[in-house]
Amino acid sequence: MDFEYTQAEETFRHEVRTFLDENLPPKDQRGADFMAQWLKKVRAKRWVGFAWPQEVGGGGGDIMQQVILKEEMAKRQAPPLGTCMMGLAWVGPGIIQYGTDEQKTRFIPDILNSKYHWCTGYSEPNVGSDLAALQCKAILDGDHYVINGTKIWTSLAPFAQWISMLVRTDNFGSTATKHDGITALLVDLSSPGIEIKPIENMAGGKVFAQIFFDNVRVPVNNRLGKEGQGWAVTIASLANERSSIGEVTAMYAKLDSLKMLIKDSQRQGKPAMEDQKIRRRLAVFEAKIEAMRLNGLRYLTRQIKGEPLSSETSVNKLHRADLEVEMSDFAIDVLGQSGLQLGNQLETIDRGKWARESLGWPNVVIGGGTPNIQKNIIAERILGLPKD
Amino acid sequence: MNFGFTEEQELLRDQVRKFLDAQSPVSRVREIMHTDEGFDRQIWQQIAALGWLGLVVDPEYDGVGLGFVDLIVILEEMGKSLFPSPFIAHSLAASTLNELASDDQKKRHLNDLASGRKIGTIALLDIHDLPNAESITLSGVIHEDGVVLNGKKLFVMDADNADLFIVAFKDQHETYLALIHRDQTGVSTQGSATMDLTKRTGSLELDNVSVATQDLLLTDDENINRLLDKAAVAVTAEMIGAAEAVIYMTTHYAKDRIQFDNPIGKYQGVKHRLAEMYVDVESFRSLLYYAAWCVDESPHELPRSASLAKAYASDAFSQIGTDGVQLHGAIGFTQEYDMQLYLKRSKWARPIFGDADYHYERISQLQVTD
Ligand SMILES: Cc1cc2nc3c(=O)[nH]c(=O)nc-3n(C[C@H](O)[C@H](O)[C@H](O)COP(=O)(O)OP(=O)(O)OC[C@H]3O[C@@H](n4cnc5c(N)ncnc54)[C@H](O)[C@@H]3O)c2cc1C
C-alpha cells in the first residue's frame, strides 16, 4: 500500500491547481460571462472529454489523471467541463466505442464544444428497472427506421436537440429473449412526429419529459452499433462511469456545510453540537463518506492493475443513495421549522437550500437505478444468488 | 497510488489460509475452545516457527521486521477461522516493546516474545467503558529503584496464558508502562469465560508487586492511546474475516435451502440483506485497511481512521452475526452448526476497545479540536 503520487502525477496536479488559481474565481465573484470563458479555456486545455482518445479530440488522459482532475475541481467547486452533460457522460463514450467514423466526426466535436444538449431515452411508462423489456418500436423501411412509441423521464429532453435512445427492432412480445432485438438510435429531436411534454417534479423543476414518437423517420446511418446490439451498447456506455472520487469530494464539502450549519444552530434551547445524537449522526455520515472514498481507491487500484471489476460500483451507489436522503433530512431536523422555508426570509444563507435539497434526492436515488436494483446486482452478480 | 496488498502480502495470506485450514479447521477450534487454556500450544509453536509471533518485531530481536499491514493480513484470516490463540494480545505486546522499549529491555523481553518462548499481553484498562489513556486509574509512586504496584487491571486479553504483562499506570505526573512477569511475587490472574469461548480474557491482580527501574518504561498518554488504536485495528481486522465467513456461509445456505419451491436466496428479504452485509463488509474493510496503513505510515491520522473503522465495524458486524443466524432459521440456533460461533464472535467484538458509540463520539471530538 502506498498513497503517494508519482512525480508526473504531482506535476499534473500542480498544473490543474495553477490553472484553477488563475481561471476560477470564488463562486460569488463569477460574472455573467464567466461560464462562456470557462468553457473555452477548459476546451483549449483539452480537459473536456479528458479520458477520450486524442484522435476524436479528447484529452487522452489516463485514469489517475482523471482522478486528480476530478478531485481538484470538486475541491474548488468548479463548474462542469462542458454543458453537454449527457453527451459527455454517456452518449459520447457510446459513439466513440460503437460509432462509425461519420458519426464520430458529426457528433463528437459538438459534444466537446457544448454546442447543444443530448438526452438519453431508456425508460418508458411501462418499463423502468426492467429496461430490457422496452417496447418503443422501430421498423426498417428502406434506408430509414420508423419509430412509434414513447419514452419517459427523459432528463433534459425539454432543452435537448438530440436523443440517444433504445428501440425494439425484434423479438416483440417475447420476454425470454428480451435482451435481443434492442437497437440504439441517435435521433434528431426536431424530426417530424416528435412531441415533447415536460413533466414537473416534486421540487418544482421541469427537467424531464415524456417524448412521443409518431412515425418518426430516422436514417439508418444514425444507428449506433449493429441492429440488435443495443443492449451491449448501453451496458458499455453505462460502464464508463469510472471512480467516484469527485463525488466523494463533493460529499465531504456537503458534510462541511452541515457542520457549519450545526455550529450555528440550537436544539432544545442549547447549541446543537451539545446534543450527542446530533454528533453521532454527523460522525456516521463521515464514516460512510470516508468508506466511499476508500472503497473508490481500492477499486481504482484494481482497475490500474488491470483486474476487471464486477459490480462493485453498486457498493458506493448504495452509500450515496442513503447519504443523499439522510444528510438533507438531517439538516431539516436540525433547523426545525425554519428548515422548511423555501425562501430566504430567515436571513440565514443556508435556509431554503436545505429544503430544496431535501426534495432533490430522487435524482440520485431513483435516476441512477434504484437501491433495490443495486442490491439485486450485488446479490446476483457478486454473491451469485439466484435471480428473482 | 496503490491501495492494495503486495505480492508478498498475498503470499502471506495464502500461507496463513493453508495453515489454518490444515491445522485449525472449525472442528478443531471447537475442541480447543473447550480446553482449559483455550489454545493449542503445539500450533502456537508452529506459528512461532513461521515467524508470525515476531512479525512486527525488528530482526535484531529475532523478529521478521514487517509492519502492521502485514499483521492484519494474518488477523483477517484468523478471524475467518475463529482461530483461538493469544495472537492479538501477544502481537500488541511485542509491537509495543519494539516501538517503545530500551535496547536492554528488548534484549531481556522482546526476543522471548518474538521467538515464542513467552507469551505477552497488554494490561491497560481499569474502566472498560473508556478505552483511553485518560481513564487509567492504577497509580504508583516511583522510587529510586522502581515502583510498587497495588491494584487490578480488567479485561486483560489472555490473562491466564500470558507470561509477560505490559501494565499501564500513572504516578503523579507521568504515564508509565511496567513490564511484569507472571512469576513475580504478588502477581495473580483470574480468567473469566465470555460468551465467545475462542476469546479468553481475565483480570490481573497486583498485590504489592515491585517492579525494578529496568522494567519501567516512561511513556505518555499519546503512546497509550496509539496502542489502544492498534488494538482496535487488530480486533477489527479479525472482524472482517469473521464477517466474510458469515456472508459466505449464509450465501451458500441460501442457494441450497429450498422453501416454497425456490432456494431462499431468490427471495429479496434474504438476498438484499446479504447484499447489505456485503456493502458493510466492503466498507469497514476499506476503513480498516487504511487505518492499518496509518499505524506505520501516517500515525497522526491513526486516531480518526481507527475510530472510523471500529465504529463502523462494531455496528455492522454485530448485525451481521445476528442476521447470519436468523437467515439460517432454526439450524442456525443449534450448537452443532458453526454459525452460532460467529454470532458469539460478533457480540464479543462489538465492545472490545470501544464500541460504536465510543468511537463515533471520539470522531466528533477529533473534529472539534481539528
Ligand atoms: C430524476 C430522474 C431522472 C431520470 N432520467 C432519466 C433519463 O434521462 N432517461 C431515462 O431513460 N430514464 C430516466 N429516469 C428513469 C429512471 O431510470 C427510472 O426511474 C428507474 O430506472 C426506475 O424505474 P421506474 O421509475 O419505472 O420504477 P420501477 O422500475 O417501476 O420501480 C418501482 C419500485 O419498484 C422497485 N422494483 C422494481 N423492480 C424490482 C425488483 N426486481 N426487485 C425489487 N424491487 C423492484 C424499485 O426499486 C422501485 O422502488 C430518471 C428518473 C429520475 C427520478
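In this predicted model, a nitrogen atom of the ligand lies 2.7 Å from an N or O atom in the side chain of A:S155. An oxygen atom of the ligand is 2.6 Å from an N or O atom in the side chain of A:T370. On chain B, the side chain of B:Q268 places an N or O atom 2.5 Å from a ligand nitrogen. Taken alone, the ligand exposes 970 Å², and the protein buries 67% of that (Shrake-Rupley method, 1.4 Å probe).

The ligand has 21 residues around it (a heavy atom within 4 Å). A:S123, A:S129, A:S155, A:T370 and B:Q268 come nearest. Residues from both chains A and B surround the ligand, so the site is shared between chains.

The two chains also touch each other. Chain B gives 42 residues to the contact and chain A gives 46 (heavy atoms within 4.5 Å). The area buried between them is about 4,100 Å² (accessible area, 1.4 Å probe, lost on being put together and summed over both parts). Carbon and sulfur atoms give 61% of this area.

Between chain B and chain A there are 9 salt bridges (a side-chain nitrogen of Lys or Arg within 4 Å of a carboxyl oxygen of Asp or Glu). One of them joins A:R298 to B:E282, with the closest N and O atoms 3.0 Å apart.

Residues are numbered from 1 along each chain as its sequence is written, chains are lettered from A and ligands numbered from 1 in the order written, and side-chain values use heavy atoms, without hydrogens and water. Local features need pLDDT of at least 70 and side-chain atom pairs pLDDT 80 or more, whereas totals for chains, interfaces and linings use all residues.

Technical notes
Buried area = accessible area lost by both parts, 1.4 Å probe. Polar contact = N/O pair within 3.5 Å; in protein donor to acceptor, adjacent residues only side chain to side chain.
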